[in-house]
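Student: Could we go through this model together and check what lies behind each label?

Tutor: Happy to, so let's take a look.

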Amino acid sequence: MMQFRLSKLLSFNAGYVDTASFLALHGLFSAHVTGNFVTLGAALVSESQTGAWAKFAALPMFCITVLSVKLLDQKFIRHQNSSYAFFLKLMFLLFSIVAVCSYFYLPFPKYDTIMSFTVGMLLVAAMAIQNAMHRIHWTKESPTTVMTGATTQLMLNIAELFSKPSQEKRLQIRQSIVAIFPTMLSFALGCAVAAIVYKFALLWLFLLPPVYC
């Protein structure tokens, strides 16, 4: 039950961090790596090419982190231990480093700097850990970081209700909707809160994510 609730809370965190990184780091998606392909293409043809290096490095950083998470998880399993708490603490550490760095360096300039690149990679690594934890520890729940699949499944479930399914099937559909909708709502709320904090309390932007781990 605690893991279930935490996954919903981390969905809020994913929406928050993704929006915060996009706004503060000039188009870098920390949780939604696919989006960086789009923003990288746009940056390469723009005059400033702002954040191009971070967007280019986001996918390798994401892949290396997920690979490392899996290898470490296998090591925990061999020792008959769970990696769950370890990776939450690691996320907390990464978010804490980001919070300290960003407090002193925000707003980041509209060109690549060592600090903005470092903050971006730390955020990508933290969200890669969360993505990997979903595959390892929350296999029966909807994704906490990317809402495309969750939205698709939610609409399919709703469409099935119009086909007058059996009572048993209707119960399964409703259970699926109940599992997916809170995650989507949490993610959307996280996006909204990040935008508000960015607008009115910029220096505090990355001080919230460590609280949620």
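**Labels and their cut-offs**

Tutor: Glu 160 and Lys 169 join their side chains in a salt bridge, at 3.8 Å from N to O. This is a predicted model, where local features need pLDDT of at least 70, side-chain atom pairs count only at pLDDT 80 or more, and totals for chains, interfaces and linings use all residues. Residues are numbered from 1 along each chain as its sequence is written, and side-chain values use heavy atoms, with hydrogens and water left out.

Student: What makes the Glu 160 and Lys 169 contact a salt bridge?

Tutor: The term asks for a side-chain nitrogen of Lys or Arg within 4 Å of a carboxyl oxygen of Asp or Glu. The N to O distance here is 3.8 Å, and by this rule the count comes to one salt bridge.

Student: Why is Cys 101 called buried?

Tutor: Buried means under 20% relative accessible area, exposed over 50%, and partly exposed in between (1.4 Å probe, protein chains only). Cys 101 has 17%, so it is buried. Glu 160, at 30%, therefore counts as partly exposed, and so does Lys 169 at 33%.

Student: How do you know that α4 and α5 are roughly antiparallel?

Tutor: Helix α4 (residues 84–105) and helix α5 (residues 114–137) pack at about 160 degrees. Angles under 35 degrees count as roughly parallel, over 145 as roughly antiparallel, 65 to 115 as roughly perpendicular and the rest as oblique. The pair is therefore roughly antiparallel.

Key
Axes are lines fitted to C-alpha atoms, for helices over the stretch in contact, and angles run from 0 to 180 degrees between N-to-C directions. Helices (H or I, at least four residues) and strands (E, at least two) are DSSP runs, numbered from the N terminus.
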